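Thanks for making time this morning. I would like to walk through one model with you, starting with a single chain and then turning to the contact between chains.

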Amino acid sequence: MPMRDEDGHDLAREEAALVARIAAGDHGMPVAELYRRYAGRIYGFTLRLLRDPGLAEEAVQETFVRLWRSAGRFDPDRGTVGAFLFVMARSVAADVRKRPSAQILAAAGEIELPAVEDDVDRLMESLVVREALDSIGAPQRDVLSLAFDQGMTQTEIAERLAIPLGTVKTRMYHGLRSLRVALQKRAFDV
Amino acid sequence: MSESHWSDELGPGAAHPDAAGWVLGALSPADAEEFARHLQTCLPCQDAVRDLQPVRALMEGAAPPVDLPPGLQARTLRAVEAAAAEDALRRRRRGWLRALAAVAAAMLVLVAGGVTWTLSGRQSGPTVTIAMSAPGGGPATGRAVGQDTPHGWSVQLSVSGLPPIPEGQGHYECWYVAPSDTPAHPHAVSAGSFEVQSDGSASDVRMWTVVDLQQQKGTRMIVTREPDDDPARTGPVVLTGPVQAAA
């Protein structure tokens, strides 16, 4: 459900420029900035694929090392930096899974078989939705989370947070609208 | 749930704030009943509910929150730094190996050349010149002079205006390209690789080739920017020019 808007184009250009700087030999700020933007999602992604926090950490590190070594091959006409990173992360996870340390876990049934394409896409989508949720203001996010994750009514939320019911209603309204905008910025057609 | 209550806070014509609570199923039974009645006749609220329902549907698929392990950022950035240092070291080693190979090749050529020289008594023969420019326009230029010697063609290349390539990120490579060269059927011979200085220039890079530059009509010289040590020609052409007999 892609939706390319101005923000999306700006972000894509900005991130492509960061990768170009890495390709030109800068392994400082551009790597740190892309880590800040993507490490959470890549960790969540590899954690779901590998089912082991240690292996997922290994995969995050290896993904950024591969970014450093392959940055020159990134072509902004063929995809986004995010897609480039997740293709690498998936490949890294497949390699990490073959390592002896992962084989022990696989033998114990703790690592799933490689996910099929649809599963990977769904997994990535769920991570992007989580990131969109995390991006909205904490007061609004807390209200949404209490309602959605814990099934609380607005009255119960007002009591829990010790705030007026009217405040809960407006935070919930603005929170859901902010989440909609955040999802649109991440190419969801909602 | 009076209209003035939410119009003051959300602006005129805005949907009722309970639209969000309705979509999330978070209204008290009394508020839910009242909003259901209101929704039947309020167009802004119908629009809001229609807009927000897909957002709720996506929330259902959100991944559980994940906290990054402490220290992972520092470990990752250190791993990248170590990879960069390792690449630089490997590149320096390759440079030394290339230099050693060049010295060995030069010694071999000198020996073979001396023998040929002695046997044939030939002097250096005709020369060719190659003036190169960037294929899409731009400041980069190159000039080469090739001379037929008793031990093969010697070519001296000078370039300017090429962007310096950081260590570990590739190198420039010079090729002789036959007229029959196509992407599907490459017909090119590498003449050698070189680096440019920080000002984008390289002077008098000496290369040798067994290609007879004067006999091969239509031969071009090109310079490509190669991303790695793959011997195949994969990088973009940054300079190109025809091989021409010197006037």
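This is a predicted model: local features need pLDDT of at least 70, side-chain atom pairs count only at pLDDT 80 or more; totals for chains, interfaces and linings use all residues.

Let me begin with a question: what share of the contacts in chain A with a separation of 6 or more do residues 24 or more positions apart account for? The share is 63%, where contact means heavy atoms within 4.5 Å.

Residues are numbered from 1 along each chain as its sequence is written, chains are lettered from A and ligands numbered from 1 in the order in which they are written, and side-chain values use heavy atoms, with hydrogens and water left out.

Chain A has nine helices and zero strands, these elements being DSSP runs numbered from the N terminus, with helices (H or I) of at least four residues and strands (E) of at least two. Of the 190 residues in chain A, 45% count as buried, and here buried means under 20% relative accessible area, exposed means over 50%, and partly exposed is in between, with a 1.4 Å probe and protein chains only.

Consider helix H8 of chain A, residues 154-161, where Gln154(A), Ile157(A) and Ala158(A) are buried. Viewed down the axis of H8(A), these buried residues fall within an arc of 100 degrees, so they line one face of the helix; the arc is that of the directions from the helix axis to the C-beta atoms. The cover over the buried residues of H8(A) includes helix H7 (138-148) and helix H9 (165-185) of chain A, together with H2 of chain B. Just after H8(A), Ala162(A) takes a positive phi of about 55 degrees.

In chain B, helix H3 (residues 29-39) has Asp31(B), Phe35(B), His38(B) and Leu39(B) buried, and because these fall within an arc of 95 degrees seen down the axis of H3(B), they line one face of that helix. On the other side of H3(B), Pro29(B), Ala30(B), Glu33(B) and Arg37(B) are exposed.

Now to the contact between the two chains, which takes 48 residues from chain B and 46 residues from chain A. The area buried between them is about 4,200 Å², with carbon and sulfur atoms giving 70% of it; buried area is the accessible area (1.4 Å probe) that two parts lose on being put together, summed over both. In chain B, Leu58(B), Met59(B) and Val80(B) lose the most area to chain A, together 15% of what that side buries.

Ser126(A), in helix H6 (residues 117-135) of chain A, is buried at a relative accessible area of 6%. Leaving aside residues up to four places away in sequence, Ser126(A) touches Arg48(A) as well as Gly61(B), Ala62(B) and Ala63(B).

How many salt bridges are counted between chain B and chain A? The count is seven, a salt bridge being a side-chain nitrogen of Lys or Arg within 4 Å of a carboxyl oxygen of Asp or Glu. One salt bridge pairs Lys169(A) with Asp18(B), their closest N and O atoms being 2.7 Å apart. Another salt bridge brings together the side chains of Arg69(A) and Asp87(B), at 2.8 Å from N to O; Arg69(A) lies in helix H3 (residues 53-70) of chain A and Asp87(B) in helix H5 of chain B, so the pair joins two chains. Arg69(A) is partly exposed at 39% relative accessibility, whereas Asp87(B) is buried at 10%. Asp87(B) also forms a salt bridge with Arg90(B), with the closest N and O atoms 3.8 Å apart, and these two residues, three apart in helix H5 of chain B, are separated by about one helical turn.

Over all chains, the search finds 23 salt bridges. Among them is Glu14(A) with Arg37(A), whose closest N and O atoms are 2.3 Å apart, and this pair links helix H1 (residues 6-23) and helix H2 (residues 29-50) of chain A, 23 residues apart. Glu14(A) counts as partly exposed at 40% relative accessibility, while Arg37(A) counts as buried at 16%. Both belong to a network of salt bridges that also links Glu15(A), Glu33(A) and Arg36(A).
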